[in-house]
Amino acid sequence: MTRRSRPGEPGARTFEALPPAKGSRAPFAESWWGRAWLRSLEESSLDSGRLSRGRTYARGGAVGPVTVGPGSAAAPVHGSRPTPYRSTVQVEQLTDRQWDQLLDMIAERAANIAALLDGEMPAGLADDAAAAGVPLLPGPRDLDPECSCPDWGYPCKHAAALCYQVARLLDRDPFVLLLLRGRGERELMDELGRRNTARAATEAAASTATASAGPAALPARPGDPAGPAFNARAALPPLPDPPPLADRPGRGPALVDSAVPEPGVDPAALELLAADAATRAHHLLAGALGARHAETAPPAPLTEWQDAVRLAATHTTTEVFARIASNCGRTPGELSAGTRAWRQGGAASLDVLETPWSPPASRLERDSEALRADWADGRPPRLRSWRNRWTVEGHAAQLRLGRDGLWYPYTKDKGTWWPAGPPDADPAVVLTALLST
């Protein structure tokens, strides 16, 4: 039986009370793991009315500081009485064996660790863990809410409010979910560091043993010249020099007027894709010939939406925009804003446009202090801060901090925020340029 505990034991973290949420219809969780938490709550509830009251309580700021520890979260929740009630929600902790499996899965891929440190829960990790019998995400009836109020509802509105507030914490920090399952961030990162060191030592020993043994010969197969070539790889000649970089990308084939197309074939679309492939190949070759190519990680694969925005931003014609807008599943306004963002910084800039996130408080404090120190007139404009966004009071202007560490300028036009220029690591540089336009 997995052990449960309350958040008074070592490893517990207390989060300040979150401000009231704006809007009555805004979702409590924007991340997929936060939505999984709410789905577990709502599927196990016996009373949708109490859930609705709980959402209202949480939106209105009735939930006080939330203390999260191994196996549970607790908070004072203000109700109709002067004294707040004490609400808790308990979650089963993983066993030591389950933690061992989960840590191995995380350590297998550096991308898992990078995602966690960037405030993301890797979807592949959750799927792999579930397949191995490790319940990383809560399922129906995995949450056990309790409250000191006299209401016997399951959950009562106060415990439901706590659960909705925990979803907002999960959005900001996936380590909250791991702590609820039994282990804190520092403990996990220390253990992952040990496992990575042990894995590297094992791989180095195996590599040394393989080099000492020499290349293994492949069995010869009649008619297969690859076998002898591979067995003799120690004597292979060096690779030829890379091809020179052309001045510009080549032009693709002209298909529109060449012949009558087969049914279902769009010659104009094929011409566009061929031209785009040539442009991307030219860009990749330029990067490969650069002096720092060996130090550069390969770019992450683009999603379908990111690639649609990239195409629209790269091939700036009315016909291309209209074609993509009619097939990408987004509005023309969304595509227009996306293409403008893409031209300022590619996928990182598009993420800034579409996804609010919560940077470390230390980073925001450091940049805020630098902004005050560097402002030419001594005192910068007043800013309203929300997550990674600073909105300038009295101006239709905003700065957004990207996950790449750069500040992006935005202006508001007819109720919509639009990318307004190139980013910079110094918020004073961006804000000065933004207010001078």
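**Notebook: pockets, sheets and one exposed leucine**

I started with the second largest pocket, where helix H11 gives the most to the lining, with five residues. Helices here (H or I, at least four residues) and strands (E, at least two) are DSSP runs numbered from the N terminus. I kept in mind that this is a predicted model, where local features need pLDDT of at least 70, side-chain atom pairs count only at pLDDT 80 or more, and totals for chains, interfaces and linings use all residues. Residues are numbered from 1 along each chain as its sequence is written, and side-chain values use heavy atoms, with hydrogens and water left out.

**Pocket**

I looked up which helices supply at least two residues each to that lining: H10 (267-288), H11 (304-314) and H12 (318-325). The lining includes Leu 272, Trp 305, Asp 307, Arg 323 and Cys 328. A pocket, on a 1 Å grid over the protein atoms alone, is an open set of points where a 1.4 Å probe fits, with protein on both sides within 12 Å along at least five of seven lines; lining residues have an atom within 4 Å of a point. The space in this one comes to about 270 Å³, a volume being the space filled by probe spheres set on the points, which are joined across faces, edges and corners. By class I noted eight nonpolar, one polar and three charged residues. Nonpolar covers Ala, Val, Leu, Ile, Met, Phe, Trp, Tyr, Cys and Pro, charged covers Asp, Glu, Lys and Arg, and the others, Gly among them, are polar.

**Whole chain**

I then checked the totals: 15 helices and ten strands. Of the 437 residues, 38% are buried, meaning under 20% relative accessible area with a 1.4 Å probe and protein chains only; exposed is over 50%, and partly exposed is in between. Among contacts (heavy atoms within 4.5 Å) with a separation of 6 or more, 65% join residues 24 or more positions apart.

**Five-stranded sheet**

Next came the open sheet, ordered S6-S7-S8-S9-S10 with antiparallel pairing. S6 (383-386) and S10 (416-419) are the edges, each with a single partner strand, so one side of each has no neighbour in the sheet. The twist averages 30 degrees from one strand to the next. S8 (residues 397-401) and S9 (residues 407-413) pair over five bridges; two strands count as paired if DSSP finds at least two bridges between them. Arg 400 has Tyr 408 in S9 as its bridge partner. Helix H13 (residues 332-354) packs on the sheet, touching S7 (389-392), S8, S9 and S10, at about 50 degrees to the direction of S10. Helix H14 (residues 361-374) packs on the sheet as well, touching S6, S7, S8 and S9, at about 35 degrees to S7. These angles run from 0 to 180 degrees between N-to-C directions, with axes fitted to C-alpha atoms, for helices over the stretch in contact.

**Strands S1 to S3**

S1 (residues 13-15) runs antiparallel to S2 and is joined to it by three bridges, with Arg 13 opposite Val 68. S2 also pairs with S3 (residues 72-77), antiparallel over three bridges, and there Thr 67 has Ala 74 as its partner. Which way do the S2 residues point? Val 66 and Val 68 go one way, Thr 67 and Gly 69 the other, and all are buried. In the S2-S3 hairpin, with two residues between the strands, Gly 71 takes a positive phi near 95 degrees.

**Leu 117**

Last, I checked Leu 117 in helix H4 (residues 110-117). Buried or exposed? Leu 117 counts as exposed, because its relative accessibility is 54%. Phe 175 is 58 residues from Leu 117 in sequence and 8.9 Å away, C-alpha to C-alpha.
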